[in-house]
Amino acid sequence: MKEIVHYLNQFYGQIGGEEFADQTPIIRDGPIGPGVALQSLLAEEAQITSTIICGDNYFADHQDEALEKILALIDEKRPEMLIAGPGFNAGRYGLACGTVCDAVKSKFSIPVLTALYPENPGAEMFKKTVYIVKAPISAAGMKKVMPAMGKLALKLLRGEEIGFPEEEGYIPQGFRINVHTEKNGAERGVDMLIKKLRGEPFTTELPMPVFDRVVPAPALKDLAHAKIALITSGGIVPQGNPDHIESANASLYGIYDITGLDNLTADKYMTVHGGYDPVYATEDPNRVLPLDAMRAIEREGGFGELYNHYYATVGNTTAVSNAKRYAEEIAQDMLRNQIQAAILTST
Amino acid sequence: MELIDKTKEETMKLTLNKFHVKDIRFAEQSSFANGILYIDKKDLAAYLMEDSNIQSVDFDIARPGESVRIVPIKDVIQPRYKKSGSGQIFPGYVGDVETVGNGETNVLEECCVATSGKIVAFQEGIIDMCGLGAEFNSFSKMNILVPLIQPIDGIDKHTHEATVRIAGLKTAAYMAKLSLALAPDEVETFEHESILEMGAKYPDLPKVVYVDMVQCQGLMHDTYIYGLNVKGILSTLIGPLEVLDGAIVSGNCAAPGHKNATIHHENNPIIMDLLRRHGKELCFVGVLLSNESAMLKEKMRAAYYTSNLSALLGVDGMIISEEGGGNPETDLMLNCRFHEQRGIKTVLVTDEYCGRDGASQGLADVTPEADAVITNGNGNQFVVLPKMDRVIGDIETARVITGGNANSIGADGTLSVEIAAIMGSCCEMGYERMTTRLR
């Protein structure tokens with residue numbers, strides 16, 4: 001019988017709700033929660049020997065430590081497979097499922113599997129390296145996702161060839177693979193044309209990727225009277241991170257008042273970005289959000305005025321769809337505040 | 001007084017007399033009997049050596065399933081010869097410039113010519129007759145005569161290319177001519193009315209044209225119509241039956257995986273399929289040649305004028321095939337956009353270069369109107385082809401051709417290449433049976 005370790009968060013691991021989200025990684029014998037249903041699907045072929053449980057916040061806030069502990073637990077058990085979730089559309093949990101699967105796969109070279117809602121940031125991040133079964137948006141779809149997970153888990157355990165996403169139920173990994181067809185390309189093309197002419201549904205073989213070409217705005221004509229804003233995806237926020245912007249895959253952005261401030265000092269500002277060495281930004285937050293330089297130029301009359309707030313988010317594995325939404329909202333806010341230009345700093 | 005001559009022939013008719021070739025053998029005298037094509041090397045060599053740019057020529061034969069690799073290959077041509085009708089096959093080369101596309105044409109099936117010899121440029125390809133490589137094209141299932149052409153010393157590359165191109169066409173014509181006195185194994189007749197006639201005949205069928213994009217970007221990238229280089233032509237209209245008689249000839253290699261060889265033109269699968277459905281599911285008006293220059297202004301001119309011709313003809317829809325990749329994607333997308341903007345529905349036929357793992361963006365240009373696209377595969381797929389017992393040509397060239405690299409030739413005789421190196425693997429006329437799927 002092949003041995004599987006299952007990864008769950010504090011909720012599905014039956015520790016408790018959000019109040020237990022700081023739970024450090026622990027291990028329990030046998031299947032728990034969704035693992036029980038999964039075990040029944042694996043029948044006699046495989047056994048969930050243990051379940052690792054970690055709180056969502058603990059994983060998000062202490063990813064390195066959490067991962068280290070989880071990998072150590074796996075190392076003790078040496079299973080033949082790791083299954084995580086399903087994480088549905090839970091952001092922190094989904095990221096944890098993907099991260100754990102990816103790390104286990106690369107460290108132990110064993111098959112891994114999770115199940116997430118396709119728009120879960122964890123799916124976007126890890127679909128290329130981890131088989132992620134397409135899960136419904138919430139746990140109400142638990143019964144729906146389980147059979148596909150069980151089936152794919154067994155195939156992976158047996159080392160069988162994995163079919164295409166439509167057949168196996170996983171989220172497309174984004175690889176275009178050559179396959180032989182019954183009809184030649186010309187006949188398929190004429191078939192498609194006839195359908196298109198008749199107004200019947202057809203499926204293109206190559207959806208056009210969207211090239212997101214941003215046309216730069218024309219240069220400012222009157223810099224002397226321009227109101228300019230600072231925007232950063234480098235995660236510079238007031239100490240304490242009042243809006244709780246996440247360190248990765250941020251779900252929001254903040255707007256912070258800098259009226260009368262000459263520069264950002266380390267006692268009042270910090271970075272919450274989880275994707276770069278924070279030491280230098282922590283020492284001097286102006287390195288990421290150059291308020292000091294902007295004030296100097298402002299004093300010299302280099303431009304009209306600096307807008308008295310700045311916009312900040314964390315551009316670390318942030319889904320493009322989210323980033324686009326932030327940009328649209330920030331742009332609207334800038335228009336309302338009659339700002340003519342912005343300087344965007346990344347990391 | 002009768003103003004209309006009702007007896008005037010309004011329909012073009014071309015009959016393909018098909019002969020299945022079971023084998024090619026060298027013999028004392030050239031002939032074709034019981035499906036066996038016998039070739040007198042000396043006689044054929046003497047015919048080809050009429051071109052004073054050829055210093056010497058030898059021939060080799062590759063058969064389906066044999067452990068044989070041919071490299072480098074410039075063009076692949078199907079043997080055809082006209083038995084009746086106006087003009088002769090490959091007008092401008094074998095035939096004079098008289099219009100072709102009617103009468104009877106003898107065709108040797110399961111048989112082709114693959115021109116080889118000293119390499120002209122790195123856009124030359126590979127055919128493997130067995131193993132993994134054989135799965136990527138139809139040529140591996142054919143009996144192949146390979147002329148190995150050695151040009152005279154000091155020949156310039158353009159003349160070298162033309163010499164080999166013409167020798168290939170002459171070889172193909174020579175072979176099919178041997179069948180003239182014989183009864184074919186199979187006959188297929190295509191009929192195609194004049195445009196006004198078909199408009200009256202099929203008022204309720206959608207009017208469709210085929211836009212055949214042909215490359216004209218210089219050495220190993222040129223295409224010829226009735227012997228004329230398409231470089232500099234304004235988009236033009238040509239009858240589909242003319243193409244089947246070799247009116248379009250490839251001087252072109254692009255990447256071997258997605259160049260349109262002469263055999264692809266002769267058997268243009270889009271034309272063949274449209275002809276077979278003509279009068280039933282659609283009304284196939286004709287073929288528009290839209291050239292692919294390297295210059296943006298010329299790309300614009302070609303696409304604008306092709307869309308103008310489409311509008312003059314009053315068509316409802318079209319299939320557009322690309323040749324090559326990279327900058328020709330701009331021609332493809334411009335043709336798509338300009339036609340869709342005129343309300344003419346388009347289907348595009350292309351291939352992709354989306355990296356060895358298939359994860360990258362596979363086209364160099366896109367347009368949102370391109371909502372109906374056929375892909376014939378990812379040319380970046382990396383394959384290790386097994387050792388072959390015999391190589392026709394020069395295996396060393398595999399290191400320099402498209403899809404190959406300095407380390408392509410393994411010590412064990414294997415050949416590691418991207419399938420772009422395999423002749424016709426991702427043919428953008430949809431000649432083969434391959435596509436990509438997202439996983």
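Two residues are in contact if their C-beta atoms, placed from the backbone, lie within 7 Å. The model is predicted: local features need pLDDT of at least 70, side-chain atom pairs count only at pLDDT 80 or more, and totals for chains, interfaces and linings use all residues. Residues are numbered from 1 along each chain as its sequence is written.

**Exercise 1.** Determine how many residues of chain A are in contact with chain B, and which element of chain A gives the most.

*Solution.* Step 1: 34 residues of chain A are in contact with 45 residues of chain B. Step 2: the elements of chain A giving two or more residues to this side are β7 (176–180) and α8 (185–198), where helices (H or I, at least four residues) and strands (E, at least two) are DSSP runs, numbered from the N terminus. Step 3: α8(A) gives the most, with eleven residues.

**Exercise 2.** Identify the sense in which β7(A) pairs with β27 of chain B.

*Solution.* Step 1: two strands pair if DSSP finds at least two bridges between them. Step 2: β7(A) and β27(B) (residues 434–438) have five bridges, in the antiparallel sense. Step 3: A:R176 stands opposite B:L438.

**Exercise 3.** Explain why strand β5 of chain A is largely enclosed, and name its partners.

*Solution.* Step 1: a residue is buried if 20 or more other C-beta atoms lie within 10 Å of its own, exposed if 12 or fewer, and partly exposed in between. Step 2: five of the five residues of β5(A) (residues 112–116) are buried, so the strand is largely enclosed by the rest of the structure. Step 3: β5(A) pairs in the parallel sense with β4(A) (residues 81–88) over four bridges, and four bridges also join β5(A) to the parallel β6(A) (residues 131–134).

How values were computed. Chains are lettered from A and ligands numbered from 1 in the order in which they are written.
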